[in-house]
Amino acid sequence: NHSFSQDKQQIRKMSVSVNSPIPAGVVDIVEPVNGEYVVKAGQAFGDILSAHKKAVIFAVPGAFTPTCSEKHLPGFIERAHNFRAAGVEEIYCLSVNDLFVMKAWGKSYETFADSGIKLVADGNGDYTRALGLELDLSAHRLGLRCKRFAAIVENGVFTTLEIDDAGLEKSSAEAILAILRK
């Protein structure tokens with residue numbers, strides 16, 4: 001005897017998986033262009049990802065947080081050329097932060113602009129909820145965040161989805177490159 005609200009809650013809690021289509025949703029994108037940081041507000045992210053034959057999206061719980069800033073994003077910056085050589089058209093880094101924080105985070109890395117990585121600001125966590133990959137860090141006064149993950153999206157469909165519940169193993173740049181090279 002389920003009510004509609006219970007079914008709706010169960011649907012909302014489901015997360016994307018391999019062979020899932022990329023969900024629709026609106027985000028802000030910060031993109032390095034000729035040494036400047038261009039902000040594209042209100043972008044239909046599902047449509048953008050669907051337009052690429054092959055893209056990589058990785059998510060971090062928060063910009064400027066230790067593992068995210070010291071290992072996750074730097075790993076992708078250092079290996080961006082390897083991803084391009086493996087046929088990846090675009091690399092996106094998603095976080096539940098506003099576009100101003102994401103822009104400042106990108107600027108804080110000397111080599112970020114040359115990487116071509118685009119920063120995806122999911123300010124309200126709406127896209128994270130659409131993915132079903134929200135992480136409640138309220139106990140640590142961090143609120144709703146996105147789980148740490150990395151995915152390969154081909155023609156709008158997840159072909160790889162690696163989620164790290166703790167640490168940085170499955171979703172690191174090295175791990176995703178190893179999958180691409182198989």
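Hi everyone, let's start with a strand pair: strand E1, residues 26-33, is joined to E2 by 7 bridges, and the two run antiparallel. Strands here are DSSP runs of E with at least two residues, helices are runs of H or I with at least four, and both are numbered from the N terminus. Two strands pair if DSSP finds at least two bridges between them. As an example, Val26 has Ala44 in E2 as its bridge partner.

A word on the model: it is predicted, local features need pLDDT of at least 70, side-chain atom pairs count only at pLDDT 80 or more, and totals for chains, interfaces and linings use all residues. Residues are numbered from 1 along each chain as its sequence is written, and side-chain values use heavy atoms, with hydrogens and water left out.

Now the whole sheet. It is open and mixed, with 7 strands in the order E2-E1-E5-E4-E3-E8-E9. Strand E2 (36-44) and strand E9 (157-164) are the edges; each has a single partner strand, so one side of each lacks a neighbour in the sheet. On average, neighbouring strands are turned by 20 degrees against each other, direction ignored.

Which helices lie across these strands? Helix H4 (residues 99-107) lies across E1, E2, strand E4 (90-95) and strand E5 (118-121), at about 155 degrees to E5. Axes are lines fitted to C-alpha atoms, for helices over the stretch in contact, and angles run from 0 to 180 degrees between N-to-C directions. Contact means heavy atoms within 4.5 Å.

On to the cores. A nonpolar core is a set of buried Ala, Val, Leu, Ile, Met, Phe, Trp, Tyr and Cys residues joined through side-chain atoms within 4.5 Å. Buried means under 20% relative accessible area (1.4 Å probe, protein chains only). The largest core has 29 residues, and Leu73, Phe76, Phe83 and Trp105 have the most contacts inside it. Its largest share, 6 residues, comes from H3. Leaving out residues up to four places away in sequence, Trp105 touches, among others, Phe64, Leu73 and Leu119. A second, separate core of 22 residues includes Phe45, Phe149, Val153 and Leu161.

Last stop, Ala151 in strand E8. Ala151 has a relative accessible area of 0%, so this residue is buried. Ile57 is 94 residues from Ala151 in sequence, yet their C-alpha atoms are 5.3 Å apart. Thanks, everyone!

Conventions
Buried means under 20% relative accessible area, exposed over 50%, partly exposed in between (1.4 Å probe, protein chains only).
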